[in-house]
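Dear colleague,

Please find the structure below, followed by an account of what was found in it. I would be grateful if you could read the notes with the model open beside them.

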Amino acid sequence: MREYLLFDLDGTLTDPKEGITKSVQYALKHYGIQVEDLDQLVPFIGPPLMDSFREFYGFSPEQAREGVHVYREYFNERGWRENRVFPGIPSMLEKLKAAGKHLYVATSKPEVFALRILKYFDLEKYFEGVGGADLEEKRCRKADVIRYLLEREGISWKTEEECSRILMVGDREHDVLGAAQLGIDCAGVLYGYGSLEELKESRAFAIVKTVGELEKLLLSIEKP
């Protein structure tokens, strides 16, 4: 059975659109870039921030690093609260715990913010551990975050059999590809911010449309 379930945070457990896009808008304004339509900034949800500033706005590594710091000025003050839990998530987590699953969070969001958000929205109680990025952006790739979490929690993934006991759950290709680097499968969700195309191309283990479908999958799934 898939007994260890690792959940992405943004776009999988919570909808962070308002907080993240307003934080990015604030950071871009620092550089004289005005973006009024927050929907244009949705691609920032999921990937490491430094990568997004460089890819979408051509920032140099130094500018991207500074951009992350400016982003956090807003996010630390207001953005982390501008969030909402996807309907059905608490009920699903309750059922998974009752079924004996071991639940964890593996997110590219800084761990300090992830813990704050989970506690604020009363989700912290469902998880045995939370692994996130560090504030220095040295541990922000999804594979690095997952490895860090597994090592810290004493969960082995060195053999195929051990990997078959673990499943990542996320909404973007970064979740699928990051887990794959460690030999771990990832289920993709379409109610977040990833597309069906990217989840298929990254070879997600399974793809579900709703929280209800995810619940059924996680309660019934066995190792291949």
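The largest cavity has a volume of about 260 Å³. A cavity here is a set of points, on a 1 Å grid over the protein atoms alone, where a 1.4 Å probe fits but cannot get out, and lining residues have an atom within 4 Å of a point. Grid points are joined across faces, edges and corners, and the volume is the space filled by probe spheres set on those points. Lining this cavity are 23 residues, of which Asp-10, Gly-46, Pro-47, Ser-108 and Lys-109 are the closest to its centre. Two or more lining residues come from each of α3 (61-77), β4 (102-110) and α8 (173-180), and β4 gives the most, with four residues. By type, the lining comprises ten nonpolar, four polar and nine charged residues. In this count Ala, Val, Leu, Ile, Met, Phe, Trp, Tyr, Cys and Pro are nonpolar, Asp, Glu, Lys and Arg are charged, and the others, Gly among them, are polar. The search of the whole structure finds one cavity of 30 Å³ or more.

Please note that this is a predicted model, in which local features need pLDDT of at least 70 and side-chain atom pairs count only at pLDDT 80 or more, while totals for chains, interfaces and linings use all residues. Residues are numbered from 1 along each chain as its sequence is written, and side-chain values use heavy atoms, with hydrogens and water left out. The helices (H or I, at least four residues) and strands (E, at least two) are DSSP runs numbered from the N terminus.

Helix α6 (residues 142-153) has twelve residues and reaches 16 Å from its first C-alpha to its last, close to the 16 Å expected at 1.5 Å a residue; the expected span is 1.5 Å times one less than the number of residues. Its buried residues (buried meaning under 20% relative accessible area, exposed over 50%, and partly exposed in between, with a 1.4 Å probe and protein chains only) are Lys-142, Ala-143, Val-145, Ile-146, Leu-149 and Leu-150. These cover an arc of only 165° around the axis, which puts them on the same side of α6; the arc is that of the directions from the helix axis to the C-beta atoms. An α-helix has 3.6 residues a turn, so residues three or four places apart point the same way. The buried residues of α6 pack against β1, β4, β5 (129-133), β6 and α8, where contact means heavy atoms within 4.5 Å. Following α6 is Gly-154, with a positive phi near 70°.

In helix α10 (residues 211-220), the buried residues are Val-211, Leu-214, Glu-215, Leu-217 and Leu-218. Seen down the axis of α10, they fall within an arc of 165°, so they line one face of the helix. Their cover includes β1 (4-7), α4 (89-98), β6 (166-170), β7 (185-189) and β8 (206-208).

Most residues other than glycine have a negative phi. Asp-122, in the loop between α5 (111-120) and β5, has a positive phi of about 60° although it is not a glycine. Asp-122 is partly exposed, with a relative accessible area of 45%. Arg-203, in the loop between α9 (196-201) and β8, has a positive phi near 65° and is exposed, at 74% relative accessible area.

Two further loop residues are buried. Thr-12, between β1 and β2 (14-15), has a relative accessible area of 0% and is buried. Not counting residues up to four places away in sequence, Thr-12 touches Phe-7, Phe-86, Ile-89, Val-169, Gly-170, Asp-171, Val-189 and Tyr-191. Glu-137, in the loop between β5 and α6, is buried at 15%. Leaving aside neighbours within four places in sequence, Glu-137 is in contact with Met-50, Val-68 and Arg-72.

By contrast, Pro-87, in the loop between β3 (84-85) and α4, is exposed, with a relative accessible area of 62%. Pro-87 and Gly-212 are 125 residues apart in sequence and 9.5 Å apart in space, C-alpha to C-alpha. Gln-40, in the loop between α1 (17-30) and α2 (49-57), also counts as exposed, at 52% relative accessibility.

With kind regards

Methods. 1 Å grid on protein atoms, 1.4 Å probe; cavity = no way out; pocket = protein on both sides within 12 Å on 5 of 7 lines; lining within 4 Å.
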